[in-house]
Amino acid sequence: MWRSLTSFLGQQPCPCCGRASPQTICRDCERRLRSWEVRQRQRYWRGSLPLFPWGYYQQDLKRAIATMKYNNHPELGTLFGQWLALSWLEAKIAQRLPLQIVPIPLHRDKLQSRGFNQAALIAEGFCRALELPLAPVGLIRQRATQSMFQLSLTERQANLENAFRLGQGLQRRRWLLLCDDIYTTGTTARTAAAVLRGAGYKVLGIITVAVALPDQLVDSTVKATNIKASVHSTTAP
């Protein structure tokens with residue numbers, strides 16, 4: 001009844017707190033989420049696969065991502081994509097490069113169970129805001145993989161072996177920019193990029209809503225020693 005009443009009044013319950021809001025999330029929740037925004041993204045935009053994260057995978061943002069994925073709130077994915085787009089525009093990265101966005105795919109079984117791919121929703125919001133082309137099935141996850149939560153770095157690499165293959169709709173004249181919800185060790189991103197690069201495509205980097213590890217651990221040459229503590233209780237790729 002509360003949802004029906006707020007909808008009638010031109011408002012919807014905020015997916016993060018349940019209070020009535022005329023926008024996707026209420027102002028209080030937006031303020032709390034923005035308190036976790038990364039301020040110095042240039043620290044992450046480096047190496048063979050640069051990372052552009054919107055925020056830190058902590059507290060409010062961590063809970064909001066879990067709400068999106070596990071409580072059926074796909075509208076948060078679109079919102080996060082729009083926030084990422086604004087930050088990307090402000091950062092003035094690769095302004096003259098022709099880009100195409102490629103979301104990290106889910107396996108068909110998980111996609112059917114969840115009902116949506118959060119990375120694809122984030123990518124759609126990003127592309128719509130910046131008027132960029134999207135390759136929604138540019139990559140295919142051809143093999144179901146384990147949850148990464150309790151896996152070591154070596155186990156993550158083995159888990160993703162031969163997990164991805166090329167899909168459709170990729171444009172060779174454009175630089176490809178991967179998109180996902182969370183970046184932890186970067187294993188998923190590097191595996192996906194290797195498939196694309198192996199086929200002759202140019203991969204610029206990856207954009208994500210959140211980064212789970214300190215900036216010095218984005219460099220793959222630095223040993224990630226505390227992955228489990230970083231992801232804590234919510235699964236991240």
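Gly77, Thr78, Phe80, Gly81, Gln82, Leu84, Ala85, Trp88 and Leu89 of helix α4 contact Leu121, Ile122, Gly125, Phe126, Arg128, Ala129 and Leu130 of α6 (contact means heavy atoms within 4.5 Å). This contact holds 10 nonpolar, 5 polar and 1 charged residues (Ala, Val, Leu, Ile, Met, Phe, Trp, Tyr, Cys and Pro count as nonpolar; Asp, Glu, Lys and Arg as charged; the others, Gly among them, as polar).

This is a predicted model: local features need pLDDT of at least 70, side-chain atom pairs count only at pLDDT 80 or more, and totals for chains, interfaces and linings use all residues. Residues are numbered from 1 along each chain as its sequence is written, and side-chain values use heavy atoms, without hydrogens and water.

Helix α4 spans residues 75–91 and α6 spans 118–130 (helices are DSSP runs of H or I, at least four residues, and strands runs of E, at least two, numbered from the N terminus). Their axes lie 7 Å apart, at an angle of about 45 degrees (axes are lines fitted to C-alpha atoms, for helices over the stretch in contact; angles run from 0 to 180 degrees between N-to-C directions). Therefore α4 is oblique to α6 (under 35 degrees is roughly parallel, over 145 roughly antiparallel, 65 to 115 roughly perpendicular, the rest oblique).

Now the sheet. Its 4 strands form an open sheet in the order β3-β8-β7-β4, with parallel pairing (two strands pair if DSSP finds at least two bridges between them). β3 (51–56) and β4 (99–103) are the edge strands. Helix α6 lies across β4, β7 and β8, at about 125 degrees to β7.
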